[in-house]
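Here is a short report on one protein model.

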Amino acid sequence: MGAQISKQILRRKAIFTEKKTLIDLIHNSGMEFPGADYHPEDRKNWMSLLDLQKLQIYKIIWPGTHDSATNKIGTRFVSRPFAQCQSLSIYQQLVKGTRLLDIRVQEDRRVCHGILKSYNVDVVIRDLKKFLSETQSEIVILEIRTEFGHQDPPNFDSYLEEQLGELLIHQDDQVFQKTVAELLPRRVICVWKPRNSPQPKAGSPLWSSGYLNDNWIDTDLPLTKFESNLKHLNQQQPVSSRKFFYRVENTVTPQADNPVVCVKPVTNRIHGFARLFIAQAFARGCADRLQVFSTDFIDDDFVYACAGLTHARIEGKA
């Protein structure tokens, strides 16, 4: 028991020290970057406010949500705090400015996070289609994967193609260089990541798993995650020459050996450092590699930061 208490005291000290280092970095280096002061008045239509003739897909900073469909996961006040990464519905996230959704499903097409489950994926599709019907030029990346430990839902690729139909932007390496204006009226890049079923092929309405990559660092230590994200980002090709999306997760996650196991207090350790991450990406020469930037509990400022850097890119300022 004494050893366990000592271990937790050391962990508390490490968390405090790592957060302080990030705060000191803000004080010493600031959080300014090209486009940092850009605040689109309408987050629901923030892409539409940009020059769509110049807005190539590779130039977009995609504000994403991690475990997007967990707003009603598990049982309220009981299991939900241990798995909920978003408090808003899919529709509300899209209206706020989210443009990449991370959806995990199980055999019966219900959304899940580990062993906890939520509503049927039909709810996700319905919310997405509602948002797209209310906007004209917003492009959304929809990532759907079979959750670890589960089997693929039967005929799920056919289901997605039937549900999204003409909205789907087909798998094609040339898409990255195209502008939003060239892709319209198609609006959805759907990346389907099955565990055992065949991967979508070139030209398919769906995109295969290799088109959305990341380096997941499973830690509850904010500076450790921050620096690891920068290291892995620096190892990527610039977005202008890349033929896949690369995601950076501005999140930390509860650990089994730590008594703090609710998502929100843990992820709050890094949540407020998104702008610092972008500023440091510029300071360290890897901002031209940033593309998909995801977070738990997405807020307005996270969207502003991503939209601002996107605006700076198409204006040639970043």
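## Second largest pocket

The second largest pocket holds about 160 Å³ of space. This is a predicted model. Eleven names make up the lining: Y58, K59, P238, V239, S240, F282, A287, D288, L309, R313 and A318. By class, that lining has 7 nonpolar, 1 polar and 3 charged residues.

## Largest pocket

About 350 Å³ of space lies in the largest pocket. Its lining counts 21 residues. Nearest the centre of this pocket lie H66, D67, R104, H113 and W216. Strand 2, strand 5 (140-146) and strand 8 (245-250) are the elements that give two or more residues to the lining.

Which classes make up the lining of the largest pocket? There are 12 charged, 6 nonpolar and 3 polar residues.

Strand 1 covers residues 62-65. W62 and G64 point one way from the strand, while P63 and T65 point the other way. Are these residues buried or exposed? All are buried. In a regular strand the side chains alternate between the two faces of the sheet.

Strand 1 pairs with strand 9 (residues 292-295) in the parallel sense, over 4 bridges. In this pairing T65 stands opposite T295 of strand 9. Strand 1 also pairs with strand 2 (residues 100-105), again in the parallel sense, over 2 bridges. Here G64 stands opposite L100 in strand 2. From strand 1 the chain crosses through helix 2 (residues 90-96) to strand 2, and this β-α-β crossover is right-handed.

## Backbone exceptions

Most residues other than glycine have a negative phi, and most peptide bonds are trans. Three sites in this model deserve a look on that score.

F77 has a positive phi of about 70 degrees, although F77 is not a glycine. F77 lies in the loop between strand 1 and helix 2. F77 counts as exposed because its relative accessibility is 69%, and the cut-off for exposed is over 50%.

R109 also has a positive phi, near 70 degrees, and is a residue other than glycine. The place of R109 is the loop between strand 2 and strand 3 (110-113). With a relative accessibility of 25%, R109 counts as partly exposed.

L184 and P185 are joined by a cis peptide bond, with omega about 10 degrees. P185 sits in the loop between helix 5 (180-183) and strand 6 (188-193).

T267 is in helix 7, which covers residues 263-271. Is T267 buried or exposed? T267 is buried, because its relative accessible area is 0% and buried means under 20%.

Which residues does T267 touch, not counting residues up to four places away in sequence? The contacts are T251, V252, D296 and F297.

Note on methods: Residues are numbered from 1 along each chain as its sequence is written. This is a predicted model: local features need pLDDT of at least 70, side-chain atom pairs count only at pLDDT 80 or more; totals for chains, interfaces and linings use all residues. Side-chain values use heavy atoms; hydrogens and water are left out. Buried means under 20% relative accessible area, exposed over 50%, partly exposed in between (1.4 Å probe, protein chains only). Contact means heavy atoms within 4.5 Å. Two strands pair if DSSP finds at least two bridges between them. A crossover is right-handed if, with the strands pointing away from the viewer, the path from the first strand over the helix to the second runs clockwise. On a 1 Å grid over the protein atoms alone, a cavity is a set of points where a 1.4 Å probe fits but cannot get out, and a pocket is an open set with protein on both sides within 12 Å along at least five of seven lines; lining residues have an atom within 4 Å of a point. Grid points are joined across faces, edges and corners, and a volume is the space filled by probe spheres set on the points. Ala, Val, Leu, Ile, Met, Phe, Trp, Tyr, Cys and Pro count as nonpolar, Asp, Glu, Lys and Arg as charged, and the others, Gly among them, as polar.
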